[in-house]
Amino acid sequence: MRALTWHGKHDVRVDTVPDPEIVNPRDAIIKITATAICGSDLHLYDSVIPAMHRGDILGHEFMGEVVEVGRGSTSLRVGQKVVVPFVIACGQCFFCGKEQYSACDNSNPADKSDASEVAYGYPAAGLFGYSHLTGGYAGGQAEYARIPYSDFGPIVVPDGIEDERVLFLSDIFPTGWMAAENAGIEPGDTVVVWGCGPVGLFTIKSAIHMGAARVIAIDHHPRRLALAKQNGAEVLNYHEVKVLEALKEMTAGIGPDACIDAVGMEAHGFAPDNVIDAVKQETKLGTDRQHVLREAIMACRKGGRISMPGVYGGIGDKLPIGAFMQKGLTLKTGQTHVQKYLPKLLELVMDGQIDTTDLISHRLPLEEAATAYKNFHDNPNEWTKVVLKP
Amino acid sequence: MQTEPRSTDADMASTGFLNDDVHEGDHASSSIQAVMINRPRSELYAFWREFRNLPLFMANVRSVSSDGRDWVIAGPGGMDVELETEIVEDRPGEKIAWRSTEAADVDHEGWVEFRDNAFGRGTEVRVMISYDPLAGAVGKLVAKVMQREPRIQARRELRRFKQLMETGEVSTSQAPGAAPRG
Ligand SMILES: NC(=O)c1ccc[n+]([C@@H]2O[C@H](COP(=O)([O-])OP(=O)(O)OC[C@H]3O[C@@H](n4cnc5c(N)ncnc54)[C@H](O)[C@@H]3O)[C@@H](O)[C@H]2O)c1
Ligand SMILES: [Zn+2]
Ligand SMILES: [Zn+2]
């Protein structure tokens, strides 16, 4: 089959690779009908996440048709259309029992879990197409994919629904939803979202759906800011205003109730802290660029909440821990517990309550995936979200 | 010719992988590992006590006889290493302990213990593996095959045991499904 494979920093290629096969009883094979490139894939593209191997198949946002099921996969049937969560979860461990699916204890193979156990204290769960830290599973920017625990994770979608309306249930819709949920939104709240990429946009949609009185979105790409505005947010361009001052002024000195970092470890910024971080990241010291997290902590009102869907992988320093403690803030974060949200979010899509397609700027064949990566990376203003068709 | 590194694994290189700060038992190299398994204690004991099941989650063990005496360990290049063991303790539902016999090339002992978690989270399983990796040429080979470190070996085997007991399978991301390397 054809698949998008990683070969190094800024080097991805569409190669011919062996077809996946059923390995374990609960596996299924799906023929992929649509897949997307995520901001998280850019961290791999920029090579700031370790434990990548040349030839790894990328992609964790995908859906398709079931073409084969293992004898232990009792709930799926050949021919069904499914969306696959990017988090691989068994459904039976302690963490899955608590609906903390991105903490699943079984999905990261034993020979792959040592690294994350060293880096994070406990092994991470398996993710599709996201380095050997999280299992080394082949991803879904491909013609076919093997789905472990297929009787548990994938959600069957109704016949006839367009792929694009449900594709983002695989990651960014639940991620935006959980980011808003983690912000603990209360009536009258002002919620600030840093980053108007796909995750930020779904966070805005979710926060408004959950009843935020006011959402303020920050980015500097005009198209992305326009999308945020179109979704009901007030917008700030961080190249034009001093973010802290603007937020203070807009909230008449109280400050925002909840601050959401939907940017993560590759935040841009010209503040000295960020320049130092960028140098450290470049030299592979594993220091994350956490400019946005710092700004969110400083901007948040006393007693407020920080939600951090943005991905970090390494070690950070110079966090304003004093401001965090003295103001009595709360922080919630994590890879999304996708499976937990799927039934509810599919319902919202079917009812037409959330527009899941307005952010898609480009639709390309899988063969052009390498170009798509380059453009999504180099020209984020125009390339807001790419859907690939194998 | 390849100039670029084949992977960025080296970024993860850490002394944590060569951890030898835990010593328990009589031998040069040993480790205790614990894991919580969300299944009844009796079921876990019974599965382990059926010694022929052990290769299902012990990656380098090719076969074990039903009395737990004769172990065949897979070596590099298809070479097998035999290990004779005796069961020195067997408390149904609770503990199984074993030790290599005089005849064995590798000085080896271990036990597995099953306990109910007091707070209803399942069964606590503890495994101790201990052996002298320097006991002769075959011992060295076995040590190498067993991924050198008993701690890593025990940890991985327990993870696989847990996966198998909780989910019915041992998770893997091995090819096919992975791209050609290099
Ligand atoms: N928690 C999860 O499970 C999960 C899932 C998916 C994605 N993510 C993460 O969410 C983050 C965003 O993903 P995305 O797909 O939207 O990525 P993206 O790269 O498309 O968007 C990031 C946006 O942040 C903006 N930005 C950069 N620096 C900024 C700053 N200083 N202030 C304000 N905005 C700034 C960029 O201009 C860009 O528009 C990434 O870190 C991604 O890895 C997390
Ligand atoms: Zn994603
Ligand atoms: Zn699980």
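A disulfide here is a pair of cysteine sulfur atoms within 2.5 Å. In general, a disulfide is a covalent bond between the sulfur atoms of two cysteines.

Before the details, some ground rules. This is a predicted model, where local features need pLDDT of at least 70 and side-chain atom pairs count only at pLDDT 80 or more, while totals for chains, interfaces and linings use all residues. Residues are numbered from 1 along each chain as its sequence is written, chains are lettered from A and ligands numbered from 1 in the order in which they are written, and side-chain values use heavy atoms, without hydrogens and water.

Back to the cysteines. Take Cys300(A). Its closest cysteine sulfur is in Cys259(A), 4.1 Å away, which is too far for a bond. For Cys196(A), the closest cysteine sulfur is also in Cys259(A), but 14 Å away, again too far. Cys196(A) is buried, at 1% relative accessibility. (Buried means under 20% relative accessible area, exposed over 50%, partly exposed in between, with a 1.4 Å probe and protein chains only.) Cys300(A) is buried too, at 3%.

Next, the zinc ion, ligand 2. Which protein donors does it have? They are Cys38(A) through SG, His60(A) through NE2, Glu61(A) through OE and Asp171(A) through OD, 1.8 to 2.5 Å from the zinc. Donors are N, O and S atoms within 2.8 Å of the metal (3.2 Å for Na, K and Ca); water is not among the atoms, so sites may look incomplete. Along the chain, the spacing reads C-x21-H-E-x109-D. His60(A) and Asp171(A) link distant parts of the chain, 111 residues apart. Both His60(A) and Asp171(A) are buried.

Last, the aromatics. A whole-structure search finds 14 aromatic pairs over all chains. Rings of Phe, Tyr and Trp (its six-membered ring) pair if their centres lie within 6.5 Å; planes under 30 degrees apart are stacked, over 60 edge-to-face, the rest tilted. Tyr45(B) and Phe114(B) have centres 6.1 Å apart and planes at 85°, so they are edge-to-face. Both are buried. Trp48(B) and Phe57(B) sit 5.1 Å apart, centre to centre, with planes at 55°, so that pair is tilted.

Definitions and conventions:
Helices (H or I, at least four residues) and strands (E, at least two) are DSSP runs, numbered from the N terminus.
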